[in-house]
Amino acid sequence: STTRPVGSGIRTLEIPDTCVLRAPIAAETTWESALRALEELRTKHRKRTAGTESQLEEIATFEVSGDGKPVSVILRLLTIPDKPPDGFVKEPGRRGLAVAVEGLERVDGNRIADLRRELPKGSISGRPYVRLDRKGEANRRVVLVLPFDSAR
C-alpha cells in the first residue's frame, strides 16, 4: 500500500485500483500553497458530496514535476463507486517504485532520477507523485512514488 512509509531504500510496490480527482495547480506553487489548495479542494468536495458514500482518504497526494515541484492536487476516494462523483475517474492498479524522504524539500529531481534509473527494462513510467500525512509537521515523512506499466 502507498499509505505506509517504505523505509530508507527504493522499494517496488503494488498500487491498487483507485478513484481520483486531479486538480492542476499553478506553476511554481510552493508546498505551503499546494497544501492549502488541497484543503480547499477537500472542503469543496465534502460540501458537494454530503450525504453520499464518497469519502476521501486522509493521506495527501500531489503529482510532481520532474524536478519535484507540485503540479496537481490529487483527491482519492476510500472506495471505488460504480458511478464516480463528477470530476473523479477510476484508475487501474499498477506497479510503482517508491522511496521515503524526510520533508517535502527533499523531493527533487535527483530523487526522481534515482527512481527512473531503477525502472524495469522496457517499462513506461507515469507521472511521479508524493504521499504524506496531511496533519504532519514540516519534516514529515514523505513517500515519493513513480508508477509504471510493464512492457507489453
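How many positive and negative side chains does the chain have, and how far apart do the centres of the two sets lie? There are 27 positive and 22 negative side chains, with the two centres 2 Å apart. Lys and Arg count as positive and Asp and Glu as negative, while His and the chain ends are not counted.

## About the model

This is a predicted model, in which local features need pLDDT of at least 70 and side-chain atom pairs count only at pLDDT 80 or more, while totals for chains, interfaces and linings use all residues. Residues are numbered from 1 along each chain as its sequence is written, and side-chain values use heavy atoms, leaving out hydrogens and water.

## Overall layout

Let's follow the chain from its N terminus: the elements run β-β-α-β-β-β-β-α-β-β-β, which comes to two helices and nine strands. Helices (H or I, at least four residues) and strands (E, at least two) are DSSP runs, numbered from the N terminus. The C-alpha trace spans about 45 × 35 × 25 Å along its principal axes.

## Inside the fold

Of the 152 residues, 43% are buried, meaning under 20% relative accessible area (1.4 Å probe, protein chains only). The largest nonpolar core holds 31 residues, and Phe62, Val130, Leu132 and Leu144 touch the most other members. Such a core is a set of buried Ala, Val, Leu, Ile, Met, Phe, Trp, Tyr and Cys residues joined through side-chain atoms within 4.5 Å. Its largest share, five residues, comes from helix 1.

A second, separate core has six residues, including Tyr129 and Val145. Valine 145 lies in strand 9 and has a relative accessible area of 0%.

Notes:
Buried < 20%, exposed > 50% of the residue type's maximum accessible area, 1.4 Å probe, protein only. Charge placed at Lys NZ, Arg CZ, Asp CG, Glu CD.
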